[in-house]
Amino acid sequence: MEYQKAAELNGLCKGKIVTEYLCRNGFSELTVDSKKVSVQHKTEASRKEAEDESRLPALEAAYTTILRGLGENTDRQGLLKTPLRAAKAMQFLTKGYHETIYDVLNDAIFDENHEELVIVKDIDMFSLCEHHLVPFFGKVHIGYLPSKKVVGLSKLARIVEIYSRRLQVQERLTKQIAMAISEALQPVGVAVVIEAAHMCMVMRGVQKMNSRTVTSAMLGVFREDPKAREEFLALTKGAQ
Amino acid sequence: MERSKQKQMNQNENETDAAINGHFDGRVKIPGWSAGGAAGNPSTAPSSSVMESWREERTRSLEDNEMSLPSIAAAYTTILRGLGEDPQRQGLLKTPWRAATAMQFFTKGYQEKIIDVLNDAIFDEDHDEMVIVKDIDMFSMCEHHLVPIFGRVHIGYLPNKRVLGLSKLARIVEIYSRRLQVQERLTKQIAVAITEALQPAGVGVVIEATHMCMVMRGVQKMNSKTVTSTMLGVFREDPKTRDEFLTLIRS
């Protein structure tokens, strides 16, 4: 199965470089090319937690430059330690680069004879827009139809955390979450819906306060069978 | 408190002035209102630097923006690398420039002065009942973490023969909020700006905001809101007026 190929490659992938990670008809295709640079897999665990401390001074200096460039007085009391705080905050907001799915999931996959829909909804999500470095946040609803294997429920939220605490694009985030669950569990189908507010649209630019962006990724039976999709959507619309 | 006494002094002085001169000329009539935009109140304010710092009108011009854009963009490229990202990938190619322009937009309050915004829209109106503009959406940047703050501002004032164009209240909020701010200081700056412009009988400002620095990081409390208020003049002295204001903004 293609899923398994993807999973294997994922496990061995740390040294290799993956170019495209397309998703057609519920299956994944991978091409490995040593010349090109990837988007998703190169950034898997591309930053070690231990290195964070050593990178702080450079980030601090960058933030000091930014504050001065904005016309602020970096010696005033409120701004004295701001470069350090902002650098640490930014590292926290991108801590998803530290972790891989396998670190988080490996222990919590159980064999369970359950073949009905499992949904975890209203997972709060906070991410950073990769185009403007401004937050976007919202809720993630995840549903999957297990095929003999279920995953610990909080692990779904952890998958969201890993992928959202990065510089992201909402479409890619949705797909990454769906693909991660597919690869880990090989379920009959996975559905992920994200509804988020983008500060880059609300605080600047068009300045539309109440606009929300909704993206979804439907894999497997959720893509093929409209009834399954309807059931998922009806159950997640419930108490919003 | 020292501050409210000063306000009362200012108001007493200006009441007579306003009666003599039908037209209000902000540059001349208000004692200590500095039209040049330098540190605010030479004659009547206490001279300690803590009091002065929040009154400072820093101005930045559009040319300054253009000149500093390259260095801010370079700083953002350093940040992207420091976070372990690849600044050459397609999605991030122009991000340093976009982020720098966005940050300049988020601090555009430094480019404007209150006087530019208010001068034309003060009208003599024989109205002495409370005027409230509520639910003004406010977006600011936390000066400690450079992360957004957003919420709502409710402003009420009791005019004393002079009213202000309603959108000007929202513009005052914009000027002060589009800066690196602390919510307490923002509330006070808005209240004092209205007081100095209109000399009303009283001003009340309430801000209710969510701080992303608390929600996205640190304690990570999703639903917490911070509420600050500044009550000046009769809003401070008379509990009934304050009650009326707070009830009306709640409904």
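Analyst: Happy to. In chain B, residues 73–250 have end C-alpha atoms 43 Å apart, and the span is 42% helix and 28% strand; helices (H or I, at least four residues) and strands (E, at least two) are DSSP runs, numbered from the N terminus. UniProt, in an unreviewed entry, lists this span as "domain: GTP cyclohydrolase I"; such annotations may be inferred rather than shown by experiment. This is a predicted model, where local features need pLDDT of at least 70, side-chain atom pairs count only at pLDDT 80 or more, and totals for chains, interfaces and linings use all residues. Residues are numbered from 1 along each chain as its sequence is written, chains are lettered from A in the order in which they are written, and side-chain values use heavy atoms, without hydrogens and water.

User: Why is the pair A:Glu130 and B:Arg89 called a salt bridge?

Analyst: The rule asks for a side-chain nitrogen of Lys or Arg within 4 Å of a carboxyl oxygen of Asp or Glu. A:Glu130 and B:Arg89 are 2.8 Å apart, N to O, so the pair qualifies. Between chain B and chain A the count is two salt bridges.

User: Which elements of chain B supply at least two residues of the side that touches chain A?

Analyst: Among them are helix H4 (62–82) and strand E2 (131–142). H4(B) gives the most, with 10 residues.

User: How many residues of chain B are in contact with chain A?

Analyst: With contact meaning heavy atoms within 4.5 Å, 48 residues of chain B meet 49 residues of chain A.
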